[in-house]
Amino acid sequence: MSLTLPRLEFVNRGPIRVLFFLLLSFLSWQIIHATSRIVVEPWYKNSKIHHGILDLVEHCPKPHEEISEECKSAMADYFSDVPLEFSDTTWISIPNRLTYGRAFENPAGDRKRVLKALNQEECLLKGDPTVRWDLKDSCHADAFANLSVLLWACDERPDIQDRGEALVDLIDKAHLAEDPQRHEERVQYGIVRFLEARWFGDKCAEHKPSALRFAAHRDPTAYETLRAAASRFGEPWVSSSNVPETFVLKAIAARLGDESTALRYFPLGSKASGRSWDDHIRKVWPWKSDLPSRASTLEDFFEGPKDAEARMLNGLSVAIGLQESGFEFDWNTLVRSLCKLEETDEHATCRSVITQLKRSLDWNQKRELKILEKFESVSIELGLYE
């Protein structure tokens, strides 16, 4: 798109020209920003590779040739259990964690529950605040999340033929690999992605997503209700998309209290509804702002601070926030991440950092001191203290 601007003549052009180009730059940024908001992905296009990859590959060593019943069973176990989270928060005990298995369990039933919720005035979140986690069960927050995931996954499902050709090409080039171990890892990754395409293709065909969408001709009231909610929350509604409702379904799920969805939800707009969300999260989940939104692992996040003490303080803040929010979590995972100090200070040890923090805290900071003692005992058990 090109813009033809009228020629402007000024007596004193310098300052005005600067102002003009600043204004033009700002308007260009706004256009680009508005356009980029439309392509924000509400969910992953690819499932998250997780710890069960070796078991899956063991049961499906040559998926491009044939799929055995044993392999099909392993696929179901693996992909059903994949959590839909940007960062590695599986060490936190999230209630009813959102997985692909949950999303594909009963889509028709989820759709009925969403329609029921859309007919209840309080579930539409029209007032202030626009976050009502007390309505989580009565307004079926989980059903909104499940449908959002399924519709997006089926609309964006990977092409099995392309994945199969890429996998065969990768296997055929094994003799050319300079690093056999690295090549084997790439083959394993290719196997998982090929199996993913097949599994999602089968599941989507089984549930017929076209019958689950909220079409204007079939569900006019629900369709317009969702469009109005998207506008109210500042969420994209791309009419040219097969699934314009995906974004707002996710937004409603998060605002009604589906915990896994709330981990992945970041309001796009700066409307009052966005401020309402931010205020709510700061109040009930103070730990969320201390954790990475897109870091692949917890270790990646805690490698950020250059100072070992700052790193441990971040971990302390996360632990306190999780406890305040009533979440149980794996202390071992957290402490392992915190005690990998070689990236920040080669001379630091868990013992030295914890000892220094204990000295710097006031005597009445009992909660912080208690958690540091827990860090100490866990690091000793894991052999990471010295």
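**Figure 1. Cys154 and Cys204 are joined by a disulfide, with 2.0 Å between their sulfur atoms.** The view is taken from a predicted model. Cys154 belongs to helix 6 and Cys204 to helix 8, so the bond ties together parts that are 50 residues apart in sequence. The torsion about the S-S bond is -90°, and the link of Cys154 and Cys204 is left-handed. Cys154 is buried, as is Cys204. A disulfide is a covalent bond between the sulfur atoms of two cysteines. The whole structure holds 4 disulfides. When the bonded cysteines of the chain are numbered in sequence order, they pair as 1-2, 3-4, 5-6, 7-8.

**Figure 2. A disulfide links Cys60 and Cys71, with an S to S distance of 2.0 Å.** The link of Cys60 and Cys71 is right-handed, with 110° about the S-S bond. Cys60 sits in the loop between helix 2 (53–59) and helix 3 (69–80), and Cys71 sits in helix 3, so the pair ties together parts that are 11 residues apart in sequence. Cys60 has a relative accessibility of 2% and counts as buried. Cys71 is buried too, with a relative accessible area of 1%.

**Figure 3. The sulfur atoms of Cys123 and Cys139 lie 2.0 Å apart and form a disulfide.** Because the torsion about the S-S bond is about -80°, this disulfide of Cys123 and Cys139 is left-handed. Cys123 and Cys139 each lie in the loop between helix 5 and helix 6, and the pair ties together parts that are 16 residues apart in sequence. Both cysteines, Cys123 and Cys139, are buried.

**Figure 4. Trp287 lies in the loop between helix 12 (272–284) and helix 13 (298–302).** Is Trp287 buried or exposed? Its relative accessible area is 0%, so Trp287 is buried. Which residues is Trp287 in contact with, leaving aside its neighbours within four places in sequence? They are Ile92, Leu263, Val318, Gly321, Leu322, Ser325 and Phe327. With Ser325, the side chain of Trp287 makes a polar contact of 3.2 Å. Gly321 is 34 residues from Trp287 in sequence, while the C-alpha atoms of Trp287 and Gly321 are 4.4 Å apart in space.

**Figure 5. Asp142 and Arg113 form a salt bridge, with 3.1 Å between the closest N and O atoms.** Asp142 is partly exposed, at a relative accessible area of 21%. Arg113 is partly exposed as well, at 25%. Asp110 joins Arg113 and Asp142 in a network of salt bridges. The count for the structure comes to 18 salt bridges.

**Figure 6. Two further salt bridges are those of Asp134 with Arg132 and of Glu185 with Arg182.** The closest N and O atoms of Asp134 and Arg132 are 2.8 Å apart. Asp134 counts as exposed, at 55% relative accessibility, whereas Arg132 is partly exposed, with a relative accessible area of 28%. For Glu185 and Arg182 the closest N and O atoms are 3.6 Å apart. Both residues of this second pair lie in helix 8 (residues 180–207), where Glu185 and Arg182 are 3 residues apart and separated by about one helical turn. Glu185 is partly exposed, with a relative accessible area of 38%. Arg182 is also partly exposed, at 48%.

**Figure 7. Aromatic pairs, of which the structure holds 18, include Trp152 with Phe247.** The ring centres of Trp152 and Phe247 are 6.0 Å apart and the ring planes stand at 75°, so the pair is edge-to-face. Trp152 in helix 6 and Phe247 in helix 10 (residues 246–255) are 95 residues apart, and the pair links distant parts of the chain. Trp152 is buried, with a relative accessible area of 8%, and Phe247 is buried with a value of 8%. Trp199 and Phe200 are likewise edge-to-face, because their ring centres are 5.1 Å apart and their planes are at 90°. Trp199 is buried at 7% relative accessible area, and Phe200 is buried at 4%. Tyr78, Phe79, Tyr100, Phe104, Trp199 and Phe200 form one aromatic cluster.

**Figure 8. Arg255 lies over the face of Phe233, and Lys288 lies over the face of Phe266.** Arg255 is 4.4 Å from the ring centre of Phe233. For Lys288, the distance to the ring centre of Phe266 is 4.5 Å.

Note on methods:
Residues are numbered from 1 along each chain as its sequence is written. This is a predicted model: local features need pLDDT of at least 70, side-chain atom pairs count only at pLDDT 80 or more; totals for chains, interfaces and linings use all residues. Side-chain values use heavy atoms; hydrogens and water are left out. Helices (H or I, at least four residues) and strands (E, at least two) are DSSP runs, numbered from the N terminus. Buried means under 20% relative accessible area, exposed over 50%, partly exposed in between (1.4 Å probe, protein chains only). Contact means heavy atoms within 4.5 Å. A polar contact is a pair of N or O atoms within 3.5 Å; within protein, one must be able to donate a hydrogen and the other to accept it, and residues adjacent in sequence count only if both atoms are side-chain atoms. A salt bridge is a side-chain nitrogen of Lys or Arg within 4 Å of a carboxyl oxygen of Asp or Glu. Rings of Phe, Tyr and Trp (its six-membered ring) pair if their centres lie within 6.5 Å; planes under 30 degrees apart count as stacked, over 60 as edge-to-face and the rest as tilted. A charge sits over a ring if NZ of Lys or CZ of Arg is within 6 Å of the ring centre and within 35 degrees of the ring normal. A disulfide is a pair of cysteine sulfur atoms within 2.5 Å.
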